[in-house]
Amino acid sequence: MSHTSKKMKVRRNDPCPCGSGRKYKNCCLNKKEPEPENIKDMYLKKYKIKLKEQADIEAIRKAGRLVMETFDQVRANIKPGITTDEINTLVHDFTVKNQATPAPLNYNGFPKSVCVSVNEVICHGIPGERVLEDGDIVNVDITSILNGYYADANQTYFVGTPSEDAQKIVNVARECLRLGMEQLKPGNTLGDIGWAIQHYAESQHCSVVREFVGHGVGFEFHEPPQVLHYGKKRQGVVLAPGMVFTIEPMINLGKKELNVLDDGWTAVTRDGSLSAQFEQTLVVTEDGFESLTPFDLK
């Protein structure tokens, strides 16, 4: 799919892409349409969002392939008895072996090459001596930098035989990502993504973490826009071809509140309930989306 044009297909009742907050029919419908090349400038000026060109998307896709190959290594080694630090070593060594850099290492002081979050840990778990046990769930969050481009994804795995609660929260988190991705097409909004995730999670008597969100990615680890996993339909930035960002809902089996431990990184559920997460790096196309870190969500 070509991304050289950033012209959006906007319906009459959609939010106006100029950012006024009014409907398109009541704003710019009858005005002279901006030239397609101005959409990129407009998104940068109004939202600080850097729309990606086809060459950029291909480079992010290559980084994404490496991320997914790294997950293949992780999946093959997830079992009772392995430590979270051994997972870190596996991710670090495989990334470096493939001429890439693990983005988390030393990012704002983070001491390891991957986030490994077990059971009640929502995100940013620091690998260490913790041994995975039968029945655990473990989220592995991998971001690689290849030739200057970033790709980011995470998956939650069962360790040994999962409990019913573990199966439920992992399945709900996976479905939340899938439903959020279904909203990706030009003319929809970031609010549509958040609403779809929140609506489903809460229908399953689970909760959505508010403090951590998806984000633009590609040129940097974290770029605009922020992608909330809760919200209201038709609100927020209108999606446009060339937008590259993550959707990464963190879903708790219990309440949404969290605590951050004294290490300044590790976020845990306040009530001790299980938490699960899935994430992909996605690009909005002319008629939908493409995952640049694809894996099965069924």
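Predicted model: local features only at pLDDT ≥ 70, side-chain atom pairs only at ≥ 80, totals over all residues.

Start at S207: its bridge partner is N252, in strand 10. The pairing here joins strand 6 to strand 10, residues 250-252, in the antiparallel sense over 2 bridges. Both strands belong to an open sheet of 3 strands, with the order 6-10-13 and antiparallel pairing. Its edges are strand 6, residues 207-208, and strand 13, residues 275-277, each of which pairs on one side only.

Now the hairpin. Strand 7, residues 214-216, and strand 8, residues 223-227, run antiparallel and are joined by 3 bridges. Opposite G216 you will find E223 of strand 8. The hairpin has 6 residues between the strands, and G218 takes a positive phi near 135°.

On to the helices. How do helix 4 and helix 5 pack, and at what angle? Helix 4 covers residues 164-181 and helix 5 covers residues 190-203; the angle is about 150°, and the axes are 8 Å apart. Angles over 145 degrees count as roughly antiparallel, so that is the label for helix 4 and helix 5. The crossing of helix 4 past helix 5 is right-handed. On the helix 4 side, the contact is made by V172, E175, C176, L179 and G180. Helix 5 contributes I193, A196, I197, Y200 and A201. By class, the residues of this contact are 8 nonpolar, 1 polar and 1 charged.

Last, the chain as a whole. DSSP runs give 5 helices and 15 strands. The radius of gyration is 19 Å, close to the 19 Å from the globule rule for 298 residues, so the chain is as compact as a globular protein of that length. Along the principal axes, the C-alpha atoms fill a box of roughly 65 × 45 × 35 Å.

That's all I have; questions are welcome.

Key. Residues numbered from 1 in each chain as written. Heavy atoms only, no water. Pairing = 2+ DSSP bridges. Helix = DSSP H or I, 4+ residues; strand = E, 2+ residues; numbered from the N terminus. Axes fitted to C-alpha atoms, helices over the stretch in contact; angles between N-to-C directions. Parallel < 35°, antiparallel > 145°, perpendicular 65-115°, else oblique. Left-handed = near helix turned anticlockwise from the far one by under 90°. Contact = heavy atoms within 4.5 Å. Nonpolar A, V, L, I, M, F, W, Y, C, P; charged D, E, K, R; others polar. Rg over C-alpha atoms; globule rule 2.2 N^0.38 Å.
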